Every structure is written in C-alpha cells, then in structure tokens.
Amino acid sequence: MAYAQNMGLFTSTPLPEPVGDSAPPVDEHPSRIATVLNHLRRSADARITHPRRFRIQQLRALEKMLEEHLDDFLQALNEDLGKSPTEAKFAEVDVVRAEIDFALRHLAEWMDSTGVKVPLALQPAMAKIEPRPLGVVLIIGAWNYPLQLVLAPLVAAIAAGNAAVIKPSELAPATSGALAKFLPLYLDERVFAVIEGGVDTATELLVARWDHIFYTGGERVAKIVAMAAAKHLTPTTLELGGKSPAVVDNHSPATAKRLAYAKFMNAGQTCVAPDYILCIGDATPLINRLGQAITSFYGKEPITHPDFGRIASSQHFERLLAMLEQGEVVFGGEYDEETLRIAPTIMRNVDLDGTLMSEEIFGPILPVIEVKTFEEALEFIARRPSPLAAYLMSESPRLQSIFSDRVRAGAIVHNAPLAQMVIPTLPFGGVGASGMGSYHGKHGFDRLSQMRSELNKTTVVDTLSAIYPPYSWAKRKIIDRLL
C-alpha cells in the first residue's frame, strides 16, 4: 500500500529525514529481538492466547487504548503526515475501532468448529473443521496510514488467538513512538510486543522464524519479505498497491466530488486511491467539475488548508515534483518545499511511458486520459499489472457487468471509490502484483488461523475391514461401490 522505495527497508540509500519533531526510532539490537521472539513463542506454546475470554479481553483493551489516548495518536499523525484531527480519527482510529467491534460481536461464531459430511465408505464417523491459532505473527506496517495498517491486522491476529510483534514504520516516527509507549500498557506483554527501528531492525526481524508475516507496503520490498519467509516456509499476507484506474462514463458533479475526495484524502497517499482516470469522450467537463470539487473541499489555496495533509518525506516530495513535468498541468500544481505540500493537481496529455503512468503515484496528482470508447478503456487497463482496486463511474448496468467481468483487480467498485474499505464483511486484498491474501472482519480471522481438519471414527465396529487386503473379487466389488 505504501510506495515501495519510501518504506525505508533494505535499501542502501539514506532514509529521508522525518518531517515532524520526533527522531526516527533507533534500530533494535538483534539480541533483544531474539529475546522478545523467544518470550512470545513460549507464551504462545503455553496456549495463553487460545481462550475466547482472553481474546475478548485483549480486543477490549486495545479499544480502551484508542479511547484513552485518542489525542496522543491524533497529534502523532499530525506530526508525521499533517493529517487533520477529523481525517485522522475516521481514517485511522475509527476504522480500527470498527474492526474491533465487529470482531467482538462475531468472535464466538468465528471460533466455532464446522461439521462436514463424511463419505459413506467411512461411516460411522464425525468430521469437522476447527480454526486454530497459527502461533506468533509479525506485522510490518506502512507510513501512509501508520496507525490503521498495524492495528487492523493486529485485531485479526488477536481474534485468531495469536501472539504478535508489530513493527511500525520508521518513516512515521511520532506514531511509531506512540504505539511503542502505549500499547504495552494495555495489551498482555507475554504475547504482544512493539519493536521499533529502521532497515537493520526490519532485516533482523525477517531472519527469524515466524508463523505468519503480514506486510503492508510496496512490491519491491514485498519480494524481499517473501524471499525471507520462504526460507522458513512461512506463509505471508502481502498488502501492496498498484495503479488503481477509474473509468468515467458519468461526468456528473457527484462523480467529480467522489473521485476528488477519494484521490486527495491523505494528500493522495492512499493505496486504493484512484491513480488515474480514463475518461470516455471529451474530458474537459469532468476536469472542470473536478477543479470545482477540489476548491469546495480545500479552498483556493489547498497547500495552506488545515484539512489537507503533506507529503511524507522530502524524497517522496521530489519524486512527485518530477512527475509534474510529464504532462500538462490543468489545475493546481502549486507546492511548498518547506512544508512538503503539493496542491491537488489534475494533469492531461501525459506521457504514457513516463513514471507518472508506470509507477504508483502515491500523491496528490491525478492524470486524466481521454479514450474514445469503453472497450478502449478496458484494453488500457488489461495491458497493465492488476491493481488493488478498479473503479467505474457509470450508471449503466450493462457497463458495470462488463467491467466486473473483464477487469482483474483486488476489488471492483462502482460509483463509490474507497467505500469498500469501511465494509468489514468485504475482504481487503490484492491480486497479482497488488498483493496476496486478504483481511478485514472474518477474512482476517481466517487468514491468521489454521483451518484444521479433525476426524473421529470409532473402533468398536471396524467397518474398514471391508477394504483390508487380501483383495478378493467380493472385496473389489465393495471397494468400487463405496469409493
């Protein structure tokens, strides 16, 4: 979900300086990482996390932390990303609280075993599928939503009965520090830990053996995580990103407002934000309405508006400025190097071979590309890697049906970009280059559980004797009939 080269993991280039006043976390010593992991594994082996009562207690404790330290987390998010308190609360804190509340309401049914039918050849017998904890989970978060993207997976880990280590992003140092300070005060330290740090810490964590690794970030680092996990045959959940397209057939004011809101929230640093627009026909009316929507949201000087955030780092800021040279800026384009703010910007006549259209933008720049037909838009999307989400702005049921059938993406959304993120019954995850595995609600519980098979067959009556050798003609007939 985060732009890969800004995650700060496994790179020889210097990390960008943090924007806020907080210093970047110091890398943990390898011996402490080993000590923490050994401690958590012993606790997991002792089945401390297994009882439902314990899981409920920890989920409620996590919710209590968010309630009692709401102002601390909002301040940290403002330091790291310039997020307004309102946006930070609903996009970071409230999303996690909704996950907690949903898990608390449904945990009993999620934990129940499910009976399955047994073939006639094996009857009488009973079989069931029982969700079991995996063990110790590593959660590596991203900087663009530095609270939500570690705590939402943590909710799934707790609900599934796992111990967990969370490693917040070092590029959001204030939020990382707040998590390291407050989380141990509320969650059981026998089974949950926060480990801060940068490149060395992340590398050392991946050397260890885990029962699952949950990583949110970019494709380049995801490959490194997957390679490290493969050495121990550790399963992974990789929540990545990609260039999520928005095909526009409906140029109404509501369409423009929904696209502008989805794109420019968090200064465009959202993994499922519309990355570019494919406008069927003349794009001028749409561009005009997008500009009007942006002005209605953030005023005539967005870079000074309190509800519009900043770019996470100077490195990311410079990368985005270079993209402004790859087409015609038709709205916005202002920036402030000192505060790392770039105004919401709309571009057209863009270079389709430049980084603007080959890399995930992950910033407040929205290219609008004109296509003549709906079919041309579908072909344009098909030539590119599968994104985390794909949006169609159209009221046509026929176009919606074709779009759903033809486009390969982690999610297909009609007319409401980003809304899929707040529905706990929908799985959130990518496909292909945009990730593997999904979570939110029960999907997170299932992802971080082992769905164990269990069979019970009595020996009082040995019905299996019908298939024991030697195989006479009569037994062969019985076997053929039963199997």
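**Figure 1. Leucine 340 sits in the loop between strand E11 (335-336) and strand E12 (341-342).** The phi angle of leucine 340 is near 60°, a positive value in a residue other than glycine. Leucine 340 counts as buried because its relative accessibility is 9%; buried means under 20% relative accessible area, exposed over 50%, and partly exposed in between, with a 1.4 Å probe and protein chains only. Strands (E, at least two residues) and helices (H or I, at least four) are DSSP runs, numbered from the N terminus. The model is predicted, with local features needing pLDDT of at least 70 and side-chain atom pairs pLDDT 80 or more, while totals for chains, interfaces and linings use all residues. Residues are numbered from 1 along each chain as its sequence is written, and side-chain values use heavy atoms, leaving out hydrogens and water.

**Figure 2. Alanine 267 is another residue with a positive phi although it is not a glycine.** Its phi is about 55°. Alanine 267 belongs to the loop between helix H9 (253-264) and E9. With 1% relative accessibility, alanine 267 counts as buried.

**Figure 3. Two cis peptide bonds are shown, one between glutamine 123 and proline 124 and one between proline 469 and proline 470.** At the bond of glutamine 123 and proline 124, omega is about 0°. The loop that holds proline 124 runs between strand E1 (114-116) and strand E2 (126-133). At the bond of proline 469 and proline 470, omega is about 5°. Proline 470 lies in the loop between strand E20 (449-456) and helix H16 (473-482).

**Figure 4. Helix H3 (residues 70-81) packs with helix H6 (residues 173-186), their axes coming within 7 Å.** The two axes cross at roughly 155°. That angle makes H3 roughly antiparallel to H6; under 35 degrees counts as roughly parallel, over 145 as roughly antiparallel, 65 to 115 as roughly perpendicular and the rest as oblique. An axis is a line fitted to C-alpha atoms, for helices over the stretch in contact, and angles run from 0 to 180 degrees between N-to-C directions. From H3, the contact uses Asp72, Phe73, Ala76, Leu77, Glu79 and Asp80. From H6, Pro173, Ala174, Thr175, Ala178, Leu179 and Phe182 take part. Contact means heavy atoms within 4.5 Å. Sorted by class, the contact of H3 with H6 has eight nonpolar, one polar and three charged residues. Here Ala, Val, Leu, Ile, Met, Phe, Trp, Tyr, Cys and Pro count as nonpolar, Asp, Glu, Lys and Arg as charged, and the others, Gly among them, as polar.

**Figure 5. Strand E6 (residues 212-216) is largely enclosed by the rest of the structure, because five of its five residues are buried.** His212, Phe214 and Thr216 point one way from E6, while Ile213 and Tyr215 point the other way. Strand E3 (residues 136-140) is joined to E6 by four bridges, and the two run parallel. Valine 137 has histidine 212 of E6 as its bridge partner. E6 also runs parallel to strand E7 (residues 236-239), again with four bridges. In that pair, threonine 236 of E7 is opposite isoleucine 213. Two strands pair if DSSP finds at least two bridges between them.

**Figure 6. Seven strands form an open sheet in the order E10-E13-E14-E9-E8-E15-E16.** The pairing in this sheet is mixed. Strand E10 (328-331) and strand E16 (412-414) are the edge strands, each pairing on one side only. From one strand to the next, the twist averages 25°. Strand E13 (residues 345-348) and strand E14 (residues 365-371) run parallel and are joined by three bridges. Isoleucine 365 in E14 is opposite threonine 345.

**Figure 7. Strand E15 (390-393) is covered on both faces.** Ala390 and Leu392 on one side are buried, as are Tyr391 and Met393 on the other. E15 pairs with E8 in the parallel sense over three bridges, and leucine 392 in E15 is opposite valine 247. E15 also pairs with E16 in the parallel sense, over three bridges. There, isoleucine 412 in E16 is opposite alanine 390.

**Figure 8. Helices H10 and H13 lie across strands of the sheet.** Helix H13 (residues 374-382) lies across E8, E9, E14 and E15. H13 runs at about 155° to E9.

**Figure 9. Cysteine 271 and cysteine 279 are both buried.** The relative accessible area is 0% for cysteine 271 and 0% for cysteine 279. A disulfide is a pair of cysteine sulfur atoms within 2.5 Å. By this rule, the count of disulfides is zero.
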